[in-house]
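Dear colleague,

I am passing on a structure for you to look through, and below it you will find notes on what turned up. Please keep the structure open while you read.

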Amino acid sequence: MNAHNAANYANVGKARELQKTLYLCAKVRKTRRFHALYDKIYRPDILWEAWQRVKRNRGSGGVDRQTLEDIEEYGERCFLNELYLDLKENRYHPKPVLRTYIPKSDGKKQRPLGIPTVTDRIVQMAMKLVIEPIFEADFQECSYGFRPKRNAHQAIEAIRKKSRKAHWVLDVDIQGFFDNINQEKLLKLVEQRISDRRVLKLIRKWLKAGIMEEGKLKNAPTGTPQGGVISPLLANIYLNAMDQLWQKKFRHLGTLIRYADDFVIMCRRKRDALESAQAVKAIMNKLDLSIHRDKSKLVSIWDDKEGFDFLGLHHRKFPVRRKGGRTFYFMQHVPSHQAMKKMRAKIKAFTEPRHKLYMDIRDLVEGLNRRLQGFKNYYQLSPMGKKWLNRIDWYVLTRLKLFNNKKKNRRKKHAHYKEVEEIRFLLVKLAG
């Protein structure tokens, strides 16, 4: 191991040791408020770890157009030393986020995305490294999104387990969650654990930095911009108020399972589900949020007549016939209609461009396989899901046959049998 790698490992170790200490202190004393955190944010080891994480996440530049490559060319150490002094001497001031739009899964609407500058992303990551362990000590078991050692598959597993006794599901969608967070209430929730004025002031600066859209600066009186490194943590802090209230007063009605701003409540009886809807509505009012009525619904999962979409999967009980002619219903998780549509769109976008006709088909398949492996890792959760993924397998094969025919300037719709078998052999099989 060379000296540079050894120094990197040492920095990671120091950062993790700090996180562990903060987590244990917060866990032991639930009412403790931390007052000396700002100096931890600009610690060289924390800044270096923050830079490494931002670099791994990639991403484009913000309003100042500075890119990751620009910093690498300038000199990472030199850049971080300057940032260290700016933070220490209170010269750091965040810039507005650059507003851009990405298409939603339905393909009709667009989701606003805020891109902070690289410098702001590094400082936000450093802040996240320091304060996240403190709030992790308070977060509830029902929360799975954007948390260390937690993921969507764990949330889906919780749904599967609860479906054995729960027969009604309240599927809730919060309308414009990230755009409607009450910033003052959010800061009060942060203050319950942090009393360091400089840390609170820095968070307020990010919330008030504004949005640059089409060359015009807009103020954002509510919300946290999607795309910011610190935004998922702030969102979890805000909705943790709901999690705690539910666990304290309403858990007898049903089990709350939340991933970021998406959540479901699994209830045994319809009466409990209806009461849960009223309780959720009251909690949303308290948080100055509203429920999207068109997207929220009450679903019976007693049999295979109804199901619900959550985290890109459609959850429904499918019939299984056992010996003696009896039929039982078991929860299965299959790709949702929107997820299937999105997968096809990604496959088509990767194989369709004409400039790729110059590529060898083996190289194209290699690049495509990386995407297919990602689909397989996420969506192949239950035996029934293979039926849906098999359709994607056939779609992939069709796209590659078309690519091969175009490459060889054939007008026929189908490739030769030998070529098809060779392509099939090279591909990652989703429904395997």
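Which domains does the domain assignment of the chain give? The assignment gives domain 1 (12-137 + 188-221), domain 2 (140-182 + 233-316) and domain 3 (336-425), and such bounds come from an automatic or database domain assignment. The C-alpha centres of domain 1 and domain 3 lie 39 Å apart.

Before going further, please note that this is a predicted model, in which local features need pLDDT of at least 70 and side-chain atom pairs count only at pLDDT 80 or more, while totals for chains, interfaces and linings use all residues. Residues are numbered from 1 along each chain as its sequence is written, and side-chain values use heavy atoms, with hydrogens and water left out.

Strands and sheets

The names of helices (H or I, at least four residues) and strands (E, at least two) refer to DSSP runs, numbered from the N terminus, and two strands are said to pair if DSSP finds at least two bridges between them. An open sheet of four strands runs in the order E2-E1-E4-E5, and its pairing is mixed. Strand E2 (110-115) and strand E5 (216-218) stand at the edges with a single partner strand each, so one side of each is left without a neighbour in the sheet. Neighbouring strands of this sheet are turned by 40° against each other on average, direction ignored; here the axes are lines fitted to C-alpha atoms, for helices over the stretch in contact, and angles run from 0 to 180 degrees between N-to-C directions. Within the sheet, strand E4 (residues 211-213) pairs with E5 in the antiparallel sense over three bridges, and Glu213 stands opposite Lys216 in E5.

The hairpin of E10 and E11 has five residues between the strands, and Gly324 in the turn has a positive phi of about 95°.

On a 1 Å grid over the protein atoms alone, a cavity is a set of points where a 1.4 Å probe fits but cannot get out, and a pocket is an open set with protein on both sides within 12 Å along at least five of seven lines; lining residues have an atom within 4 Å of a point. Grid points are joined across faces, edges and corners, and a volume is the space filled by probe spheres set on the points.

The second largest pocket holds about 440 Å³ of space, and of the 18 residues that line this pocket, Leu189, Gln192, Asn240, Ala241 and Gln244 are the closest to its centre. Helix H9 (183-191), helix H11 (231-250) and helix H12 (270-286) each supply at least two lining residues, and H11 gives the most, with six.

Cavities

Two cavities of 30 Å³ or more are counted. The largest cavity has a volume of about 110 Å³ and is lined by 15 residues, of which Val97, Gln124, Trp206, Pro225 and Ile230 lie nearest its centre. The second largest cavity holds about 40 Å³, and its lining includes Val97, Trp206 and Pro225.

An aromatic pair

Rings of Phe, Tyr and Trp (its six-membered ring) pair if their centres lie within 6.5 Å, and planes under 30 degrees apart count as stacked, over 60 as edge-to-face and the rest as tilted. The whole structure has seven aromatic pairs. One of them, Tyr42 with Tyr84, is edge-to-face, at 5.6 Å centre to centre and 70° between the planes. Tyr42 lies in the loop between helix H2 (38-41) and helix H3 (44-57) and Tyr84 in helix H5 (residues 76-88), so the pair ties together parts that are 42 residues apart in sequence.

With best wishes
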